[in-house]
Amino acid sequence: MTGSPVVLLLEPSGIRRVDPREPQLAVTDWGATRGDGIFESVSVIDGRMPPLDARFDRLEASARALDLPLIDRALWTEALLRSIDAHDPVERLAVTLALTRGVEGGDGTPTAWLLARPARDFTDIRRTGVSAVTLDRGYASDAAEGAPWLLLGAKHLSYATNSAALREASRRGADDVIFTSTDGLALEGPTSSLLVRRGDIVESPSADSGILAGTTQSTAFGFFESRGFTARFAPIRADDLADADAVWLVSSVRQAVAVHTLDGRPLPVDGELTAALNDWLANAARSE
Ligand code: PLP
C-alpha cells in the first residue's frame, strides 16, 4: 500500500490539510524564486513518532543561519502527528518539513508546510551499498567560519548544487558523491554524512568543517560505541579513504549505505556490520 501524500500548511491561524494534487505555493514565494528557506526530512517507521529534538535543534540552527523566525516546536510536532495519523499506514513515511521566507512583497509571514509520503524503498541499496566519486566542493574546510553567508552548515532549500553533483557522479558511472574541500579533506555526501572505519575507530568530519551536523551520524556513533568502537569527530584526508576498512554514507531516510567503490577502486564492505547498523538506526527512529 502506498497511499496519497498528506500535505499540511502551517499558517498563523493553525494547521490546514490541503489537497496534494492542488498547487499550494505562490510563484512569488522566496522558497520558489530563490530557494530561500530551510527544510528537514524525517523518517517515520511503522507509524511511530521519531525522536525530534535533534531535528528541531538543527531546524533552529538553519533558521538562525538564514535569519528566519525560530520554529514553533509544538506546532510542528502536532503537524507531524496529524500527518502520520492522516496517511495510509505504510512501513516507512518520508516527511518533509519546510519553511521559506514567505512571499515577495508580502508581510514577512513565512510559508511553512509539511509533506508526508511513502519513502523510497532503499532495502536493496542498504544491502548492496553504493559506488561513489570524490568531487571538489570548491571551498576550504574553514570556509564556514570566515564566510557564514555561504550557509554551509544549514539545511536550506537550495539543493541545486547537491543535485548537480549527483548528476556528475552519474555521468562518471557512480551512484553517489563524497565532497572534498580544497585543502584535501573528505566532507560529506550531497544528502548524507560520512563515516569512516579504521580498525576499532570510526570517524566522521566535524560540523565546523562546513558540513551539516548529521542526526544519523550522531545515532550511528551510539551504535559503534555500543560495539566497543571509539567513535569520534576528526579531519579525514580524502587521500586516506582508499585504505579505510569501511566507508559509509548515512542519512535519515536511506540510513546507512556502504561505499563499495570509490573513484573506481574497490573498498572493503562489512555486510553484517552494515545490517546491524541499519537495524540500530531503524530502532532508534521508532524509539519514542
Ligand atoms: N549532509 C547533507 C548535505 C544532507 O543533505 C543530509 C541529509 O539530508 C545529511 C548530511 C544527513 O543528515 P541526517 O542524518 O540528519 O539525515
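This is a predicted model: local features need pLDDT of at least 70, side-chain atom pairs count only at pLDDT 80 or more; totals for chains, interfaces and linings use all residues.
1. Overall build. The chain has eight helices and 14 strands. Its C-alpha trace spans about 55 × 40 × 35 Å along the principal axes. The radius of gyration is 19 Å, which agrees with the value near 19 Å for a compact globule of 288 residues.

2. Burial. Of the 288 residues in the chain, 50% are buried. The cut-off matters for the points below: buried means under 20% relative accessible area, and exposed means over 50%. Partly exposed residues fall in between.

3. Salt bridges as a group. Side chains of opposite charge can pair when their charged atoms come close. The count here comes to 17 salt bridges.

4. E11 and R16. These two residues form a salt bridge. Their closest N and O atoms are 2.9 Å apart. E11 has a relative accessible area of 25%, so E11 is partly exposed. R16 is partly exposed as well, at 41%.

5. R73 and E60. Here the side chains meet in a salt bridge, at 3.1 Å from N to O. R73 lies in helix α3 (residues 73-86) and E60 in helix α2 (residues 53-65), so the pair ties together parts that are 13 residues apart in sequence. E60 is buried, because its relative accessible area is 14%.

6. R127 and D124. This salt bridge has an N to O distance of 2.8 Å. Both residues sit in helix α4 (residues 123-128). They are three residues apart, so about one helical turn separates them. R127 is exposed, with a relative accessible area of 59%. D124 is partly exposed, at 48%.

7. A network. Some salt bridges share partners, and in this way D57, E60, R64 and R73 are joined into one network. The R73 and E60 side chains, already seen meeting in a salt bridge, belong to this network.

8. A negative surface patch. Which residues form the negative surface patch? They are D142, E145, D183 and D208. D183 lies in the loop between β7 (176-180) and β8 (188-189). Its relative accessibility is 34%, so D183 counts as partly exposed.

9. Positive phi at D46. D46 is a residue other than glycine, yet its phi is positive, near 55 degrees. D46 lies in the loop between β3 (37-45) and α2. With a relative accessible area of 44%, D46 is partly exposed.

10. Positive phi at Q255. Q255 is not a glycine either, and its phi is positive at about 70 degrees. Its place is in strand β13 (residues 255-262). Is Q255 buried or exposed? Q255 is buried, because its relative accessible area is 3%.

11. A220. This residue sits in helix α7 (residues 215-226). A220 has a relative accessible area of 0%, so A220 is buried. In sequence, A220 and R265 are 45 residues apart. In space, the C-alpha to C-alpha distance between A220 and R265 is 25 Å.

Conventions: Residues are numbered from 1 along each chain as its sequence is written. Side-chain values use heavy atoms; hydrogens and water are left out. Patches are made of residues with over 30% relative accessible area and no salt bridge: like charges are joined within 9 Å, nonpolar side chains (Val, Leu, Ile, Met, Phe, Trp, Tyr) within 5 Å. Accessible areas come from the Shrake-Rupley method with a 1.4 Å probe; for residues, only the protein chains shown count as cover. A salt bridge is a side-chain nitrogen of Lys or Arg within 4 Å of a carboxyl oxygen of Asp or Glu. Lys and Arg count as positive and Asp and Glu as negative; His and the chain ends are not counted. The place of a charge is taken as NZ of Lys, CZ of Arg, CG of Asp or CD of Glu. Helices (H or I, at least four residues) and strands (E, at least two) are DSSP runs, numbered from the N terminus. Buried means under 20% relative accessible area, exposed over 50%, partly exposed in between (1.4 Å probe, protein chains only). The radius of gyration is taken over C-alpha atoms; the globule rule is 2.2 Å times the number of residues to the power 0.38.
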